[in-house]
Amino acid sequence: MKNVESLLQGNELFQKNYFRKNETQLLDLVSSGQHPKALFIGCADSRVIPSLITNAPPGQLFVLRNVGNFVAPYKPDEDYHATASGIEYAVTTLNISEIIICGHTHCGAIEALYKDISGKQLIHTKKWLSLGKKAKDLALLALGKNADREKLLRLTEKLSIIFQIENLLTYPYVRRKVNKGILHIHGWLYHIESGEMEYYDPDAHEFLTLNK
């Protein structure tokens, strides 16, 4: 209960400080609606806050977060697809021009790929984590099963971002806009231990630092 109370107190401070200082801009978002330019697909990890690490103001990012910042391949059925529905809405209705898939170091989802997960209470987690299997397999192939664990995890985090980009391109409306040059996809890796950000350069086939 104390944790909840602290959040409510935080909202009170938000209203008195941030909201009051930025009321004009925030009310404009109410009357004009949202027009974000970027879709940010990030991990649900509590240490990774998209608007905080990008210093983005309200209205700039359309954010989707899930375990491992994974993107399931396109599947045109009428089942429940939370991440897919967000991608669909952002690309076809909001007409965003940028998609960022942002992973991070010391990711619990990536680490879980190397653990034995069983039990009915984790049935959905186990299925969802299968979206990281290709990254794990390639990392093991590249470094070997006896590789240093930290090096293995760091490489898997990077490879996973690349594979999620591939999955994103299975969405026909995404691929169509990318081919037309009106939609761009970015792969980022956030270092939670330093605040630094790396981006994937498809020409160099490696992650490069964003810091200049």
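## Helix α8

A residue is called buried here when its relative accessible area is under 20%. In this predicted model, that description applies within helix α8 to Leu-152, Leu-153, Thr-156, Glu-157, Leu-159, Ser-160, Ile-161, Phe-163, Gln-164, Ile-165, Asn-167 and Leu-168.

Helix α8 covers residues 149–168. With 20 residues at 1.5 Å a residue, α8 should span 28 Å, and this agrees with the 28 Å that separates its end C-alpha atoms. The N-terminal end of α8 is capped by Asp-148, which places a side-chain oxygen 3.2 Å from the backbone nitrogen of Glu-150.

## Packing of α4 against α9

Two packed helices are described by the distance between their axes and by the angle between those axes. For helix α4 (residues 82–92) and helix α9 (residues 172–180), the axes come within 10 Å and cross at roughly 35°. The crossing of α4 and α9 is left-handed. On the α4 side, the contact is made by Ala-84, Ile-87, Glu-88, Val-91 and Thr-92, while α9 contributes Tyr-173, Val-174 and Lys-177. By residue class, the contact of α4 with α9 divides into five nonpolar, one polar and two charged residues.

Val-91 is one of the α4 residues in this contact. The relative accessible area of Val-91 is 0%, so this residue is buried. Leaving aside neighbours within four places in sequence, Val-91 is in contact with Tyr-173, Val-174 and Lys-177, and also with Ile-96, Ile-99 and Leu-183. The C-alpha atom of Val-91 is separated by 33 Å from that of Gly-10, and these two residues are 81 residues apart along the chain.

## Two buried asparagines

Asn-66 is found in strand β2, which comprises residues 61–66. With a relative accessible area of 9%, Asn-66 is buried. Its side chain is joined to that of Thr-83 by a polar contact of 3.1 Å. Residues up to four places away in sequence not being counted, Asn-66 touches Gly-42, Cys-43, Ala-44, Thr-83 and Trp-128.

Asn-69 is found in the loop between β2 and α4. Asn-69 has a relative accessible area of 3% and is therefore buried. Beyond residues up to four places away in sequence, Asn-69 touches Ile-41, Gly-42, Cys-43, Ile-101, Cys-102, Gly-103, His-104, Ile-161 and Gln-164. Ile-161 and Gln-164 are among the buried residues of α8. Gly-42 and Cys-43 are touched by Asn-69 and also by Asn-66.

## Two asparagines with positive phi

Most residues other than glycine have a negative phi. Asn-55 is not a glycine, yet its phi is positive, at about 55°. Asn-55 has its place in the loop between α3 (50–54) and β2. At 69% relative accessibility, Asn-55 counts as exposed, because the cut-off for that class is over 50%.

Asn-95 is likewise not a glycine and has a positive phi of about 55°. Asn-95 lies in the loop between α4 and β3 (98–104). At 48% relative accessibility, Asn-95 counts as partly exposed.

Notes:
Residues numbered from 1 in each chain as written. Predicted model: local features only at pLDDT ≥ 70, side-chain atom pairs only at ≥ 80, totals over all residues. Heavy atoms only, no water. Axes fitted to C-alpha atoms, helices over the stretch in contact; angles between N-to-C directions. Helix = DSSP H or I, 4+ residues; strand = E, 2+ residues; numbered from the N terminus. Left-handed = near helix turned anticlockwise from the far one by under 90°. Contact = heavy atoms within 4.5 Å. Nonpolar A, V, L, I, M, F, W, Y, C, P; charged D, E, K, R; others polar. Expected span 1.5 Å × (residues − 1). Buried < 20%, exposed > 50% of the residue type's maximum accessible area, 1.4 Å probe, protein only. Polar contact = N/O pair within 3.5 Å; in protein donor to acceptor, adjacent residues only side chain to side chain.
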